[in-house]
Amino acid sequence: MNIVKETLENQAALLRVTVESADYAEAVEKSLKNYRKKANMPGFRPGMVPMGVINKMYRKGVTAEESYRKASEAMIAYLDENKINILGEPLPSKEQKNLDFENDTQFEFCFEVGLAPEVNIDLGKINVTRYTITVSDEMKKEYKDNYLRRFGKLVDTDVVTSDEALSVTLEQEGMSVEDAYVGLVSMSEEERKPFIGKKVGDKMEVNINDLYKQPAQRAAVLQVKEDELEGINPVFNLTITRIRKFENPEMNEAFFKEAFPAGDITNEEQFDAMIAEKVADNLKQETRYKFVDDTKKALMKAAALTLPEPFLKNWLYAINDGKFSMEEIEKDFPQFLEMMAWDVIKRHYAQEGKIEISKEDAVAEAKATAAMQFAYYGMPNVEESMLNNYADSMLANKEEARKIYDRLAENKVIDYVAASIKVKDKEVSREDFVKLFEAPAAE
């Protein structure tokens, strides 16, 4: 077997892999014997079809299959042994000639590969700011109110003041809907304004498209099918029949037992400390995202990588079996190139730092993700067994598992790089931090 590498333009290379009969003959004979064992032909007992017949029927195809397989394996080994980093996957080359698998014994297979550029960054010249958001009393109060709301209850009140829950009657000619629900908590301040100051019995004209944003919601309230909504005038007369607001629970022993069954928080002082910690943790996630994003952009700017664009376009076209035209590929290609450039940099530092992701790392990340999802739906304290089950389920899903491993690898690479770049720590208010997303990324 012989492999010759030829450099092409635009960071591509041609690999000519020549295989001889000795490279694939044994595999061909083994495959043909298996065909014979399974062959079921009239006039012959199973497994007793003469090899001459088997050869006539299958040898050409098996020779093509096994010689190509041996060439592919040799090519992959060659790339690995010579530490040639490629992007995408090898493609059949236009240099490939027609092969005669019936009469010849030596075959040359031609593959084209896209070559990954070298990463050469002076990390000491990279400057990134790492922000910390100041935890304000207002943040703690907002988080505490939202937390308490999970354990509160709706009580009747006389007048609409902010984010109450309303029971209403909706009427128009030929249609009346009683005891419909209108939740002001999900509205913006501007949307709530017409309701502020209203009392039970007050009437007003409303557009249900404004009250219920989703067609499914409107259909459910009006008790019709979604496709029937077009024939209904969205303007209704609304009469308020009941006004209720959430009342926070009393901070007593019963509340702490319900909210914290583990018994780790038993008084308001401990509760407030937990709230402050939760707020700080949530803010860390926001600032971490900013730090990771700014570091990535700074590294990519410093690396200024050039990628094998023509090859990558052909590769994208090939792996999608022509589902996307070249014009469609061109449209999203800049974003794809950015993703590929970051992947090259990430792989470089993962290898340099000998970064590995263990199964334990993945399980811990999956559990943390599950815990965040439960907390979002109002379940901050979930049993360990349930988190383990959800983590197992995530990691059993190939796409979810890939995302988790990619996220862990990226975070570990950022932490590795952060030890060598210049990081400036800065504390800012939440308002100023939000404005940073409108400013250019760190250089």
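**Entry 1: Arg59 and its partner**

I began with Arg59, which is partly exposed at a relative accessible area of 28%. I note here that the model is a predicted one. I then looked for the partner of the Arg59 side chain and found Glu29, the two meeting in a salt bridge of 2.8 Å from N to O. This pair links distant parts of the chain, for Arg59 belongs to helix H2 (residues 51-81) and Glu29 to helix H1 (residues 21-38), 30 residues apart. I looked up Glu29 as well and recorded it as partly exposed, because its relative accessible area is 32%, which falls between the 20% limit for buried and the 50% limit for exposed.

**Entry 2: a pair within helix H2**

I next turned to Glu66, which forms a salt bridge with Arg69; their closest N and O atoms are 2.6 Å apart. Why are Glu66 and Arg69 separated by about one helical turn? I found that they stand three residues apart in helix H2, and the spacing follows from this. I compared the cover of the two partners. Glu66 counts as buried because its relative accessibility is 8%, whereas Arg69 counts as partly exposed at 34%.

**Entry 3: other salt bridges**

I recorded a network in which salt bridges with shared partners join Glu6, Arg16, Glu95 and Glu108. I also examined Glu190 and Lys193, whose side chains meet in a salt bridge at 3.3 Å, N to O. Are these two residues, Glu190 and Lys193, buried or exposed? I noted both as exposed.

**Entry 4: a charged patch**

I located Glu226 in the loop between helix H6 (215-222) and strand S10 (235-247). Glu226 counts as partly exposed, because its relative accessibility is 47%.

**Entry 5: the whole protein**

The secondary structure comes to 14 helices and 11 strands. I noted a radius of gyration of 33 Å, well over the 22 Å that the globule rule gives for 443 residues, so the protein is more spread out than a compact globule. Its C-alpha atoms fill a box of roughly 95 × 65 × 50 Å along the principal axes. Of the 443 residues, I recorded 35% as buried.

Note on methods:
Residues are numbered from 1 along each chain as its sequence is written. This is a predicted model: local features need pLDDT of at least 70, side-chain atom pairs count only at pLDDT 80 or more; totals for chains, interfaces and linings use all residues. Side-chain values use heavy atoms; hydrogens and water are left out. Helices (H or I, at least four residues) and strands (E, at least two) are DSSP runs, numbered from the N terminus. Buried means under 20% relative accessible area, exposed over 50%, partly exposed in between (1.4 Å probe, protein chains only). A salt bridge is a side-chain nitrogen of Lys or Arg within 4 Å of a carboxyl oxygen of Asp or Glu. The radius of gyration is taken over C-alpha atoms; the globule rule is 2.2 Å times the number of residues to the power 0.38.
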